[in-house]
Amino acid sequence: RHNLTVTLDGHPRSGESLEHLPRFFASQRVEVVSSLPYYKPYFTDRQRGRGVFAKSIESLRRLNAVGYGLPDSDLCLTLVYNPAGSFLPADQTSLEADYRRSLREEFGVEFTRLIALTNMPVGRFREDLEREGRYVEYMRRLALAFNPRAAEGVMCRSLISVDWEGTVYDCDFNQMLGLPVLAGERPLSVFDLELEDLGRLPIRLGSHCFGCTAGAGSSCGGATA
């Protein structure tokens, strides 16, 4: 995950220049995944702060300049869309087409693909919903939009998350919530992990799981259905 604006703003603590990042990423041939809330300046700046869209576009141009996101390049540049509120994302395919057309025609920017993620009812977003009295309403919206096909492709069925101590979680959100995979009554550690464990240990579920299974689904790879 690459914060686009740091290329221009520098290191958030030391102020050290980070303008070398696009060249460094290309030299290591890593996939770059970056959030761009919308393809229009007003909505991005409203969500992230004044000037964020312009900085993001300049950063994307620098990534394009070293080969990222170009049609004939194998340097993958993935953009991430999140709704700016308590509603489900629009169709991922349609959104990608809109992003591609607007960014190409108006700003000369190319990218490889777009993924659309549902806002998960955890952390700061849940706190905001509760403060505004909209948490129950949002959870009801997610639950009513449950899609069995989307549930078949959720990331917890094929990936794990591991924290710095080696504790294993079914997904990033369970890690955030402190819900590790349990082997009996103790948290499973990557140092004790056997592959067959992952086939027999149940996935830990919670109300937040409706976020990944609503509508077209949501995972680290975008829509699941």
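**Reading a predicted model, residue by residue**

Mentor: Start at Ser161, which sits in strand S4 (residues 161-162). Helices (H or I, at least four residues) and strands (E, at least two) are DSSP runs, numbered from the N terminus. This is a predicted model, where local features need pLDDT of at least 70, side-chain atom pairs count only at pLDDT 80 or more, and totals for chains, interfaces and linings use all residues. Residues are numbered from 1 along each chain as its sequence is written, and side-chain values use heavy atoms, with hydrogens and water left out.

Trainee: Is Ser161 buried or exposed?

Mentor: Check its relative accessible area: under 20% is buried, over 50% exposed, and in between partly exposed (1.4 Å probe, protein chains only). Ser161 has 7%, so it is buried.

Trainee: Which side chains make polar contacts with Ser161?

Mentor: A polar contact is a pair of N or O atoms within 3.5 Å; within protein, one must be able to donate a hydrogen and the other to accept it, and residues adjacent in sequence count only if both atoms are side-chain atoms. Ser161 pairs with Asp172 at 3.0 Å and with Gln175 at 2.5 Å. Setting aside residues up to four places away in sequence, Ser161 also touches others, including Val168, Tyr169 and Cys171. Contact means heavy atoms within 4.5 Å.

Trainee: How many residues are in the largest nonpolar core?

Mentor: In soluble globular proteins, nonpolar side chains tend to be buried together. A nonpolar core is a set of buried Ala, Val, Leu, Ile, Met, Phe, Trp, Tyr and Cys residues joined through side-chain atoms within 4.5 Å. The largest here has 26 residues, and Leu60, Leu63, Tyr68, Leu79, Tyr99 and Leu103 have the most contacts inside it. At least two core residues come from each of helix H2 (21-28), helix H4 (52-65), strand S2 (77-81), helix H5 (92-107) and strand S3 (113-116).

Trainee: What does Tyr99 touch?

Mentor: Leave out neighbours within four places in sequence. Its contacts then include Leu36, Pro37, Leu79, Phe111 and Leu114.

Trainee: What phi does Arg29 have?

Mentor: Most residues other than glycine have a negative phi. Arg29 has a positive phi of about 55°, although it is not a glycine. Arg29 lies in the loop between H2 and strand S1 (32-35). With 51% relative accessibility, Arg29 counts as exposed.

Trainee: How many residues apart in sequence are Ala225 and Arg29?

Mentor: They are 196 residues apart in sequence and 29 Å apart in space, C-alpha to C-alpha. Ala225 belongs to the segment after helix H11 (210-213). At 40% relative accessibility, Ala225 is partly exposed. Beyond neighbours within four places in sequence, Ala225 contacts Asn147, Arg149, Ala150 and Ala216.
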